[in-house]
Amino acid sequence: MAKNNSDFIDIAALVKQYISKWYLFAISVFVCLAIAFFYVSVRQQEYAVKANLLISTEDEGAAGGMGSLGALFGSQGYVDDEIFIVSSHSLYKNVARDLGLNISYIYHKNPFVSEIAYPNHQLEVVPQAGLLDTLERGITFKVKVNEKGQADIDAKMKRDIVAKAKKVTLPYTLDTPLGKFTFAKTNSYPEGESVKMSIAVFGYDQAAEGLDESVNTEIASKRSNVISLSINTTNPLYGKAILNEIIKKYNERGVAEKKSQNELSAEFIDSRLDILANELSQSESNIQDYKQRYGIVDLVVDTKYNTEKKARLEEALLEARTQEEVIALTRDFIREPRNAYALIPSTLPNEGLQRAIEAYNELVLKRSEMLQSAKPDNASLVQISEQLDMMRGNIGTSLDRALETSKVSVRDLSKEMASTQGSLSELPVHEREYLDLMRQQSVKQQLFMFLLRRREEVSLLLANSIPKGILIDEAYTLSDPLGMGKKMIMLIALFFGLLIPPVWLYIRRLIHNRFETRAEVERITDVPIVGEMCIDNSGRRLVVASDDTSATAELFRLMRSNLLFILNDPRDKVVLLTSTSSGEGKSFISINLAASLALTEKRVLLVGMDIRNPQLANYLNVHPRFGLTQYLSSSSVSIGQIIEPMPGVKNLDLIVAGPVPPNPAELLISHKVDELFQELRQRYDYIIVDTAPIGLVSDTFTLDRIADAAIYVCRANYTSLNDLNQINDIYEHQRLKKLSLVINGTATKKTYGYGQKKSGK
């Protein structure tokens, strides 16, 4: 059964394999370290340049306290919005224009090192007037100036040379499809030395796009109002200049925007003050007219007076009506005949009437007393009665006059009450209208005073405009360069130098899909290994001889011993040798194994039964008259005619395959094959049969009936792992008797004590 190759990793085998490939590690480490050393020698250190800007989120402008008025002119900004202004294309364009970043000067020290020439550069180029404002495509100049001051200039646009000049003296004007460019030396030019530079000229828009790619702007943290700017560059001065100029342009833009906002606010305030002054004057005139129209001095005082007056009138009217009712009741009581000499039950507010009624009641009481003792016709009683009649008549007359007077008083009080009630009912309307007028006047007055204060603030802000951005950190360079240090790069190179060989070996194995050592075969298959054969570079077909002590000969002797152990039955004589495909050394193993057996003084026969592709005769350079196929296909050829002695090898005979027949499969399954090997078993001690490769045809399985054992030849770095799995299947299903393996093409080992180590094939 096939072994499970994925259950474990044979560390020892891996280490052994890596040790055997030590030269790969040495080469890999050397190459990686050399590349790393070259890289750290020529690379330019890149540094991070940073700057920090605090954004004031509180609007300090004149419109700051005007609510929506500030938002009207956009005076309030927030960090999330300001970061877009800091990194805006228009701002970058202004930076590029002021710093001249649309023209970049690159100084080439050598073929591997280039640096930005800033702030000083040896050469300069001046485009013709107005060209940079309309330039849409970039152009690059390669300038080489020799020690004599002669310059070669090549102008390129998208890799195409559009203009050139050779051996010219600077200053020089070059005419290109975009316009004229003048090249000249600067004060930094090293006289007597050669200079090589690249000068790229772009439009301001393209330069702004380059800044947008190289400059990083971000909010320092979610809870802060700080914008952090950074740029990575090999020239820290270049990076500092860019960041400082960005901050400068941002603040200039902010100051200009605030100044413009404040000027707009001032114009708006002045116009509103003129309008409000007229409206406020009109409101005051309306209030004056309203007071005069309705006689209002003070609405609160007037309201209080009328309310108190109404209360007094209500009380007086109630009292007058009460007196009127009392007088009317008293008058009606007196006029009633049955009440002629009765007491008058009334108390009148009129003192005269009240005294007359009291005198009348006293006289009535006196008469009542007299009636108790005197007769009705008593003169005194009659006199009192007459006096009472007269008094009652006078009281009635007085009551009539008092009733009329009371009615007049009630009528007058009612009129006055109605007038007062009307005045009070009109007060809410007057109050509402008056309050509306006062409210309008108050609002306009407050707004007028507010605008007066704001006008003074605007004047102050126009004189002292403060930028929105507060510089926290001017552009500074981090002390440590970006990227890894030299030691780290060398360590990483060493690591990769040690890593590449195992990875390469592993990938090579995956792609190659071949085994390399016996240990790999043993891990993959359980098929017994009868021997292994090292690579032989002698060029001989027959390497086994009685006096040969080479490693190859010794390995064949060891293989012979193992084979004899397998052929432990005296009747076991026939051994088939096969392989997966041609080229695995099957014929070489067959010849030399047969020769090794012959050295034991046994009669050995080597039979070539690969009748589809017979190579054994050519391999040994022998050409017998008859071969195996001729014997099997003809009754006129005898066994003795196809057997030839092996030249130079005692006790070893040979049967070659012969011509290729048209029906090889039918020949191999014929009874004549069985009869042949029955006869050969009688004549020979061992028979080695060189059969066809199993991976191509099934002839070997057909011949298993006449064999006692089978040897499967596989070759290191040639036989695939899939072929080994096929061998496992054959072994597991016992399709070949006593199957064993021979590993061919392994490396020569000094483990036998014989011979001299030979180089591998």
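Contact here means that heavy atoms lie within 4.5 Å of each other. With that in hand, the structure can be explored piece by piece. The model is predicted, and its pLDDT averages 79 over the protein, with 86% of the residues scoring at least 70. Confidence falls in some places: over residues 59-77 the pLDDT is below 50, and this stretch has 35 contacts in the model beyond near neighbours in sequence. Residues 750-761 also stay under 50 in pLDDT, and for them the model has 20 contacts beyond four places in sequence.

In general, the strands of a sheet pair through backbone hydrogen bonds, and they may do so in a parallel or an antiparallel way. Between E11 and strand E12 (residues 226-233), which run antiparallel, there are 5 bridges. As one example of how these strands line up, Asn-216 stands opposite Ser-230 in E12.

Ser-228 lies in strand E12. Ser-228 counts as buried because its relative accessibility is 13%, and buried means under 20%. Leaving aside neighbours within four places in sequence, Ser-228 is in contact with Ala-51, Asn-52, Asn-216, Thr-217 and Glu-218. With one of these residues, Asn-52, the side chain of Ser-228 also makes a polar contact of 3.4 Å.

Glu-218 belongs to strand E11. Its relative accessible area is 41%, so Glu-218 is partly exposed. When neighbours within four places in sequence are set aside, Glu-218 is in contact with Ile-83, Val-226, Ile-227 and Ser-228. Glu-218 and Val-86 are 132 residues apart in sequence, while their C-alpha atoms are 9.9 Å apart in space.

Next come the nonpolar cores. In soluble globular proteins, nonpolar side chains tend to be buried together. The largest nonpolar core in this model has 47 residues, and those with the most contacts inside it are Met-609, Phe-677, Leu-680 and Ile-687. Not counting residues up to four places away in sequence, Ile-687 touches Lys-573, Val-574, Val-575, Leu-605, Val-607, Phe-677, Leu-680 and Arg-681. Apart from this core lies another, of 38 residues, including Phe-588, Val-604, Leu-606 and Ala-709.

Thr-700 has its place in helix H21 (residues 699-702). With a relative accessible area of 1%, Thr-700 is buried. Beyond residues up to four places away in sequence, Thr-700 touches Leu-576, Thr-578, Thr-691, Ala-692, Ile-694 and Leu-736.

Asp-729 is found in helix H22 (residues 721-732). Asp-729 counts as partly exposed because its relative accessibility is 33%. In sequence, Asp-729 and Thr-525 are 204 residues apart, whereas in space they are 9.8 Å apart from C-alpha to C-alpha.

Technical notes
Residues are numbered from 1 along each chain as its sequence is written. This is a predicted model: local features need pLDDT of at least 70, side-chain atom pairs count only at pLDDT 80 or more; totals for chains, interfaces and linings use all residues. Side-chain values use heavy atoms; hydrogens and water are left out. Two strands pair if DSSP finds at least two bridges between them. Helices (H or I, at least four residues) and strands (E, at least two) are DSSP runs, numbered from the N terminus. Buried means under 20% relative accessible area, exposed over 50%, partly exposed in between (1.4 Å probe, protein chains only). A polar contact is a pair of N or O atoms within 3.5 Å; within protein, one must be able to donate a hydrogen and the other to accept it, and residues adjacent in sequence count only if both atoms are side-chain atoms. A nonpolar core is a set of buried Ala, Val, Leu, Ile, Met, Phe, Trp, Tyr and Cys residues joined through side-chain atoms within 4.5 Å. pLDDT is the predictor's confidence in each residue, from 0 to 100.
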